[in-house]
Amino acid sequence: MLETLRGLGWRLLHDVPVRESGTDIDHILIGPGGIFTINTKAHSNARITIYERTIYVNGQQKNYLSAARGEAAHAAAILRFATGMDLWVNAALVFVGGPQARIDRKGDPRRVLTLTEFDVPAAFASMPPRLHNAQVEAVFQKARWRSVWFPSATPVGLPPPT
């Protein structure tokens, strides 16, 4: 679903490693509507209830909102430093559960966009412009390098020319 946004000026990164422990951000979407970290949660045939401050999946409370906000804050700090730009990174939580998954919205979480997989294309395509093409490209060109996320990492040497 995210790939459909490329034609609308959005750039996309998948599985961005952010900690040496192997933690990653599922997706980073950079485009005219801004910058988003996207945390995906797979729950087939689940009953998902979204409140302003919490989310329940099949009656069990989940810590998804604070995790999504934490990813966005981490990415914002890294990308501000890497680009020298005053950037805001938004958090998005996308539930992947197929057509049988049921989402019941009882509130609207602050600072986290909550969507189903089917809502993704229209939600991002309809966002008001926040970045111009040059900003999108500048952020993407920095964000795609591992050394931006791990500044102390030793670069991998290339073999000598033959």
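Setting aside neighbours within four places in sequence, I55 is in contact (heavy atoms within 4.5 Å) with I48, T49, I50, Q60, Q61, K62, Y64, L65, L93 and F95. Before going further, please note that this is a predicted model, in which local features need pLDDT of at least 70 and side-chain atom pairs count only at pLDDT 80 or more, while totals for chains, interfaces and linings use all residues. Residues are numbered from 1 along each chain as its sequence is written, and side-chain values use heavy atoms, with hydrogens and water left out.

### The cores

I55 also belongs to the largest nonpolar core, which has 34 residues; I28, I30, I35, I55, L79 and W149 touch the most other members. Such a core is a set of buried Ala, Val, Leu, Ile, Met, Phe, Trp, Tyr and Cys residues joined through side-chain atoms within 4.5 Å, where buried means under 20% relative accessible area with a 1.4 Å probe, counting protein chains only. At least two residues each come from β1 (11–17), β2 (24–31), β4, β5 (55–57), α1, β7, α3 (133–143) and α4 (146–149). With eight residues, α1 gives the most to this core. Apart from it lies another core, of 14 residues, including L12, L29, F36 and I38. In soluble globular proteins, nonpolar side chains tend to be buried together.

### Helix α1

Helices here are DSSP runs of H or I with at least four residues, and strands are runs of E with at least two, numbered from the N terminus. Helix α1 (residues 64–83) has 20 residues and reaches 28 Å from its first C-alpha to its last. That is close to the 28 Å expected at 1.5 Å a residue, the expected span being 1.5 Å times one less than the number of residues. Its buried residues are Y64, L65, A68, E71, A72, A75, A76, I78 and L79. After α1 comes G84, with a positive phi near 75°.

### Strands and their partners

Two strands pair if DSSP finds at least two bridges between them.

| Strands | Bridges | Residues standing opposite |
|---|---|---|
| β3 (34–42) and β7 | eight bridges | T40 and V94 |
| β7 and β9 (112–116) | five bridges | V94 and L115 |
| β4 (47–50) and β8 | four bridges | T49 and D104 |

Strand β7 (residues 89–96) is mostly covered, with six of its eight residues buried.

### The protein as a whole

Four helices and nine strands make up the secondary structure, running β-β-β-β-β-β-α-β-β-β-α-α-α from the N terminus on. The C-alpha trace spans about 60 × 35 × 30 Å along its principal axes. Of the 162 residues, 40% count as buried. Among contacts between residues at least 6 apart in sequence, 57% join residues at least 24 apart. The accessible surface, from the Shrake-Rupley method with a 1.4 Å probe, comes to about 9,300 Å², of which 54% belongs to carbon and sulfur atoms.

Note on methods: Buried means under 20% relative accessible area, exposed over 50%, partly exposed in between (1.4 Å probe, protein chains only).
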